Amino acid sequence: MADVQAVEAVEAAKRAAAKTAVANHYPKDARWVGIGSGTTIVYVVEAIKGLGLDSEATRYVPTGYQSRQLIVSAGLTAVEFDALPAGTVLDVAFDGADEVDDDLNCIKGGGACLFQEKIVAMQAKEFICVADSRKLQSRLLTNWKYIPIEVAPIAAYRVLHKLVELGSVNPVIRTNADPKEGPRKTDQDFFLIDAPFAPLLTSADVAAGQAGDGTNGVWEVSALARKIREISGVLEVGIFCGQTGPQAAAAGGIGGQRPIAAYFGMPDGSVSVRKATA
């Protein structure tokens, strides 16, 4: 009974966070909206429908098969990312996370959609993260123990070797629930590598004098993300860091992979909001 109540409390927290995030960031005249993947996004779509707005002219861009099904089931119109008209910028993108740190850097990819999640986030004016309180930690890789990495199958073992050189302890190719089915594949037909590292340093840690350059296997968030991306065979890394959407726009670009705000449903039913400050 206690386990059932715990699960219900977590789901209620996700719903509360989604409702508040959508109320605060969904444009009334939205034309293009990114819809992410994962269990929390069910409540994001529910909250969008609950607004009661006319969505006839709105197109929703999914980050994978699951989110497309959510969109269609809700009676909304889905359009694939590669079908967007040239120059389209999404008004907002909502997605969950596996873990979020004090700087609003995120780990994503536990659900195997990280590449599509990243390109959708980086095509939006604003990326909004929605999660429950378990996902909020001071540093990434505190409770969530590995970084998901999407890799070309032909290069998977080479990437594994390079990750060990960077300090990962026992990185593995993710398999399906039934091992007989072999490696788990993404929507791009790529493999996923789950790479454990020591907890990642934040900008405040580096400012306080910690190196974060990989010495003794300790990395700062953006430094490690950059190093992994440099490995031939890596399509994308499940660290979402760097610029927010407004920061990218100010620099003359489009979209950022770091959220401008993260909404966390708390155990007491409240919603904690964290906003990007830099």
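**View 1. D91 and K125 pair up.** The side chains of D91 and K125 meet in a salt bridge, at 3.7 Å from N to O. D91 sits in the loop between α3 (65-73) and β3, and K125 in the loop between α4 (114-121) and β6, so the pair ties together parts that are 34 residues apart in sequence. A salt bridge here means a side-chain nitrogen of Lys or Arg within 4 Å of a carboxyl oxygen of Asp or Glu. Side chains of opposite charge can pair when their charged atoms come close. D91 counts as buried because its relative accessibility is 18%. K125 counts as partly exposed, at 48%. Buried means under 20% relative accessible area, exposed over 50%, and partly exposed in between (1.4 Å probe, protein chains only). Helices (H or I, at least four residues) and strands (E, at least two) are DSSP runs, numbered from the N terminus.

This is a predicted model: local features need pLDDT of at least 70, side-chain atom pairs count only at pLDDT 80 or more, and totals for chains, interfaces and linings use all residues. Residues are numbered from 1 along each chain as its sequence is written, and side-chain values use heavy atoms, with hydrogens and water left out.

**View 2. D132 meets R134.** The closest N and O atoms of this salt bridge are 2.7 Å apart. D132 is buried, at 2% relative accessibility. R134 is partly exposed, with a relative accessible area of 47%.

**View 3. D194 meets R174.** Here the closest N and O atoms of the salt bridge are 2.8 Å apart. D194 lies in strand β9 (residues 191-196) and R174 in the loop between β8 (172-173) and β9, so the pair ties together parts that are 20 residues apart in sequence. D194 is buried, at 9% relative accessibility. R174 is buried too, at 9%.

View 4. A search of the whole structure finds twelve salt bridges.

**View 5. Strand β3 and its neighbours.** Three bridges join strand β1 (residues 32-35) to β3, and the two run parallel. Three bridges also join β3 to strand β6 (residues 127-132), again parallel. Two strands pair if DSSP finds at least two bridges between them. A93 in β3 stands opposite G34. A93 also stands opposite F127 in β6.

**View 6. Two faces of strand β3.** In a regular strand the side chains alternate between the two faces of the sheet. From β3 (residues 92-95), V92 and F94 point one way. A93 and D95 point the other way, and all four are buried.
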